[in-house]
Amino acid sequence: MQASISLSLSSSSPITRSDCTAVANAYLCTPRSLRFCGLRREVFESKSLNSFSVSTRLVSCPRDSSFKKVCAALQSNGTPSKGGFDYDLVIIGAGVGGHGAALHAVEKGLKTAILEGDVVGGTCVNRGCVPSKALLAASGRMRELQNEHHMKSFGLQVAAAGYDRQGVADHANNLASKIRSNLTSSMKALGVDILTGTGTILGPQKLKYGKGGSGDTVITAKDIIIATGSVPLVPKGIEVDGKSVITSDHALKLEFVPEWIAIVGSGYIGLEFSDVYTALGSEVTFIEALDQLMPGFDPEIGKLAQRVLINPRKIDYHTGVFASKITPAKDGKPVIIELIDAKTKEPKGTVEVDAALIATGRAPFTQGLGLENINVQTQRGFVPVDERMRVIDANGKLVPHLFCIGDANGKMMLAHAASAQGISVVEQVSGKDHVLNHLSIPAACFTHPEISMVGLTEPQAREKAEKEGFEVSITKTSFKANTKALAENEGEGLAKLIYRPDTGEILGVHIFGLHAADLIHEASNAIAMGTHIQDIKYAVHAHPTLSEVLDELFKSAKVKVNSSSPVVQPVAV
Amino acid sequence: MASLLQSRTPSLSFSSSLCSTPVIRPSAFLLKPRSGSRIPVVRAKIREIFMPALSSTMTEGKIVSWIKSEGDVLSKGESVVVVESDKADMDVETFYDGILAAIVVNEGETAPVGTAIGILAETEDEISEAKAKATSQSSSAPAPSAPNVEESSPAPKVDAPSPAVAAAPAPTSAPSTPGKVVATPYAKKLAKQHKVDIGKLVGTGPFGRITPEDVEKAAGITPAPKSNVAVPPAPAASAAPAAVPPKAPASFPEIPGSTVVPFTTMQAAVSKNMVESLSVPTFRVGYPIATDALDALYEKVKPKGVTMTALLAKAAAMALAQHPVVNTTCKDGKSFTYNSSINIAVAVAINGGLITPVLQDADKLDLYLLSQKWKELVEKARAKQLQPNEYNSGTFTLSNLGMFGVDRFDAILPPGQGAIMAVGASKPTVIADKDGFFSVKNKMLVNVTADHRIIYGADLAAFLQTFSKIIENPESLTM
C-alpha cells in the first residue's frame, strides 16, 4: 500500500492506463473500504439514483489540426466515450479543487483535461495555504525560541534567537514550487491533459482556451467543471501598492517585515498573518468591521483564542469599524488608514502605521468565463450552484453538464472543500449520485496554537435546535488534562463538542490548542460517516497522545441512548 | 463554569498522575462590608459586590453576564455574575444572602479589580437606598469611587486595545479617539500596565509615534520581576537588534540612574563565545622576540601595501605549517581534529563590536596577496558584509594590541580553535647577549593561549621558537 502510494505520486515515466487506475484505486479507495471493528455502520450507501440521463446532443465543433496531435500523444488518458466529444470532462482551473477532480476523473476512466491560465496549484499552492504554512512554521519556531519562559520550563537555554527574512521567504517559496511540481507530476503521471490558457465557455459543452484572441482552441466536453477559484478581495477606497499596502499575495513573499502593520480583517487569513508578523517582531493593529474579533469562529473558542493569540501579544484592535480609505506610504508619510463606524458611518479617526495588510476575504475569480453565453448570472461574482454543484442559470434552471466547485461557487472557500466538491461532481458524472455534506468538512486556522472546527458553532446549533425542536448539549475538555500537551508545555487549549443528547449525533466540534488542525479529523470523519458518540467513544486512542483530548471529549458526552452497536465479535488478526 | 481550569481526570488510569491542575475558585474576595470611610452614612446591611481578582496578574475584569438580575434574591454560595479576566471566564458567587439591589457595571463593561460592580441589600427596605447609592456611583465618575484599590489611577485612561468596542465604562476621558497621540500597540499595553499617561509622552519612533521604549523610559523601568509574568514572555523586538543575554545572571544591586543597553546581535555572539570558552582548559606561554629585522622589512614593504597584520599572519601561518598540532581543534574532548588548511583569524574591533575576519590559507598566499585580501576583509567588516565563512572559519587567531602600546596581554581562546596569539608592542629593550655584551634591540612579547587537551607546553614552546626565528629572520616571509 505504502509503495503504491509513493509510486503514484513520484513516477513520471509513462504508465499504462490500467496501471494508473489500479494505483489510484488503491490510493483513493482502500481506506474507505476497510472496516474497523464494527464501529462504523452503513457508510456511503451508494444510492444508485442516476439523476442524469446523459444527453448526447451533438455539437458541431471546429477542430484544428494541432489539437489532434495533442490527443494522439496522450492515449493513456482514456478515450472519450461515445458522443463525439473531445473529452469526457474538462476542468477550468488547476487549483486544488481541479486537481482533486482530475485525479478522481481519471480513476473513473474519464478522458480528462484541465485548463490553467496561470500556474498549476492555484491560490492554495502558490499564494495561500501552502506558502503561509511555511511562514507559520518558521515563525512558530521563532516564537518558541524567543519565549524564554517557555524554554526555561523545559530546562533549555537559547541565546538570542534571530532570523533571516530572506531565508524565511525562500522557505515559503521553495515549498510552493515543490508542491506545485508534485501536483503537476501527479496529473501528468495519470495522463491528465494540462492545457495552458484561460478558458471561456462558448455554449453548452463547448469551450475555448488560449491566450485570448483568434489563436484560441475550441474543444468540446461532455461535462465541464468551473474551478477558477478566487483572488484577494480589496474593498473600495483601499489603494493596494504592493509595498506598504498589500494583500496576502504580497505578504506571502515576505519582502519586508514592518515594525507596525495594520491587518484589515480578523478572519483566518488575518489571524494567521498576525501570528507570523508578531513572531517576527512586528506590532499589529487589527481592524475588524464586526463587533468582535474572529467572527465565524465559535464564540467561546474565539474568546479563548483572543486571550491566547491577541491579548498577550503586541496586538491591539479596532472593532466595529471599516477602513474607508487607505493611502499607501509615500512622500515621507506613513500608511494612513481612515476609519468609519461600521453602522453609523461616522468617522472614527485614523490609524498611522508602517504597512497595511488587506485580509478582508476573497472574491471569486469568474470574469471572462463566458457565463453570459449560457445565461448564467453571477451573484457578487459567485457562480450560483445547487447542492450538487450544478450551475443554475438566470432563470433558476440547472445548466446541464456544467458544474462549479471551490471558491468560485462560494459555498465553502477552502481548498479541501473544493477538492471534495470536485470528487462529488466526478461521482455524479460517472453515474453515481453524490451529495457532499459540507457540515463534515473541517476547517483550520494555523496559528500557534491552532484552531480547528467542523460542523456547526454553538449559536448555529442552538438556532437549528430551536427550529427543529431538539435538544443541544455541550461538553468540553481542556488540554490541561492531557499528558502529551503537558509534556509539551502546551496545556492551553480547549475542545468543545456540540451534540444531540437524544441521538448522540455530533453537530459540531471546535478545538483550540496544540495541533488542533490535525486533531479535528476524528470528529469530521465521524460526522461524514454518521458515527454517533455512543459508538465512537469505544474507539481506543494511543496513550499518551493529543488525540486523547477528543477521546475524553466523546466520553464526557451524556447521550441518552445506549450504544447502537454492541461490541462485535472479536476478529482474529 | 470556569471550565478552563477544571481538569477532568482522564479515564485512562495510567495517565492520572500528571493531571492534577490547581483549580482556582474565586469567591473569597468577593463581598466585603463597606468600610464607610467615604460615604458618611452607610449601613452595614448594604454591601458592595466588588470586581474580584481572579488571577495574580488581573488588573481589571469584564462582566460577561449577570446571572442574576436586579431584584433577585441571592443566597450564599450562589453564582451571581460571570467575570472575564485575562485568563478565563469565571462564575463569581456571593458570600452573603441578600437581594441584588443594583447593577453598577453592566454586561460587556470593564471595571478595575476592587471597584464595586453591584450592590447587595439585605432587606427589601434597603433596596431604594442601595439603588440611590448605585446611581450616585455610576453617574459621578465610577472610577474614583473605587474605594480601596487603585484610587484615581490613570491606568485605564489609555484604554488602548478597544476604543471602539467595550463601552469602557470606568473613566470617561477619551483620548482613544482621534487625538493626535500615535502609539504602537505594545506601547499602549506597556503604558496601561505601568500606568503611564501616554498622552504626556513625546514619541521618538518613526513619524513621532510613541514606541514601547518611550513608555519604558517614562516608567523608569527595566521590567520589575512581577511584570514579567504579566507581559508576554516574548522579548522585545526580535528583528535585527536586541538580543537576549545568554545566561540569566545573578541579580545585582541596582545603582540608581543606570541605563540598560541590550546587546546587539554581534555583542550577544561575543558574550556567548566568551562564556563558552570557560569550558576549555587553557594555559599560556609567553615568548620575547626581537623585531629589528621585522621592522626593517616592514619599512621596505610598506609602500607596497603590506601591513603589519599581514606580516604577523604570514609568520604565524608559516610556523603553524611546521607545527600542525597547534593548528588543531578539540571538538569532542576525545580527539584531535587536524585542520587541512591554515586559516588565520585576526581580531578586529568594530564600533562597539568585535569580529575576526579570516585570512584563509595564509601559509599558501604570498605576502602581497595576503595584504590585499586583508584590506578587502576589513572593508567588508566595516560594511557588515562579511559572509559567515569569512569570519568563522579560522583555525588560529591573532590578536594585536601592540599599536596601543600594550606590552603584553592575555587572550581568551575562542571556541573551536586550538590556540590564539596575543601580540604586544615592540619596544626598545636592553639585552645582554650570551657573551655578556649589552645592546638595545626592539623586542615584543607574544603570549599564546592554547587548549591543553590537545596542545601541550612543549608543542607551544616549539611553535613559538619557530615563530620567533621567522620573525627574527623575516626574509622568508617575502618568498
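This section describes two sheets, one in chain A and one in chain B, and two annotated residues of chain A. The model is predicted: local features need pLDDT of at least 70 and side-chain atom pairs count only at pLDDT 80 or more, whereas totals for chains, interfaces and linings use all residues. Residues are numbered from 1 along each chain as its sequence is written, chains are lettered from A and ligands numbered from 1 in the order in which they are written, and side-chain values use heavy atoms, with hydrogens and water left out.

In chain A, five strands form an open sheet in the order S19-S20-S23-S22-S21, with antiparallel pairing. Strands and helices are DSSP runs numbered from the N terminus (strands E, at least two residues; helices H or I, at least four), and two strands pair if DSSP finds at least two bridges between them. Strands S19 (443–445) and S21 (473–478) of chain A are the edge strands, each pairing on one side only. From one strand to the next the twist averages 10°, where axes are lines fitted to C-alpha atoms, for helices over the stretch in contact, and angles run from 0 to 180 degrees between N-to-C directions. Six bridges connect S22 (residues 494–499) and S23 (residues 506–513) of chain A in the antiparallel sense; Ile498(A) has Gly508(A) in S23(A) as its bridge partner.

Two helices accompany this sheet. Helix H10 (residues 268–279) of chain A lies across S19 and S20 (450–455) of chain A, at about 30° to S19(A). Helix H13 (residues 458–468) of chain A packs on the sheet and touches S20, S21, S22 and S23 of chain A, contact meaning heavy atoms within 4.5 Å. The direction of H13 makes about 10° with that of S22(A).

The sheet in chain B is open and has four strands in the order S6-S5-S3-S8, with antiparallel pairing. Strands S6 (89–93) and S8 (110–112) of chain B stand at the edges with a single partner strand each, so one side of each lacks a neighbour in the sheet. The twist averages 40° from one strand to the next. Strands S3 (residues 60–66) and S5 (residues 79–84) of chain B run antiparallel and are joined by four bridges.

An unreviewed UniProt entry annotates a "binding site" that includes Ile269(A) and Glu288(A); such annotations may be inferred rather than shown by experiment, feature names are shortened, and positions are given in the numbering used here. Ile269(A), in helix H10 of chain A, is partly exposed, with a relative accessible area of 27%. Glu288(A), in strand S10 (residues 283–288) of chain A, is buried at 6% relative accessibility (buried, under 20%; exposed, over 50%; partly exposed, in between; 1.4 Å probe, protein chains only).
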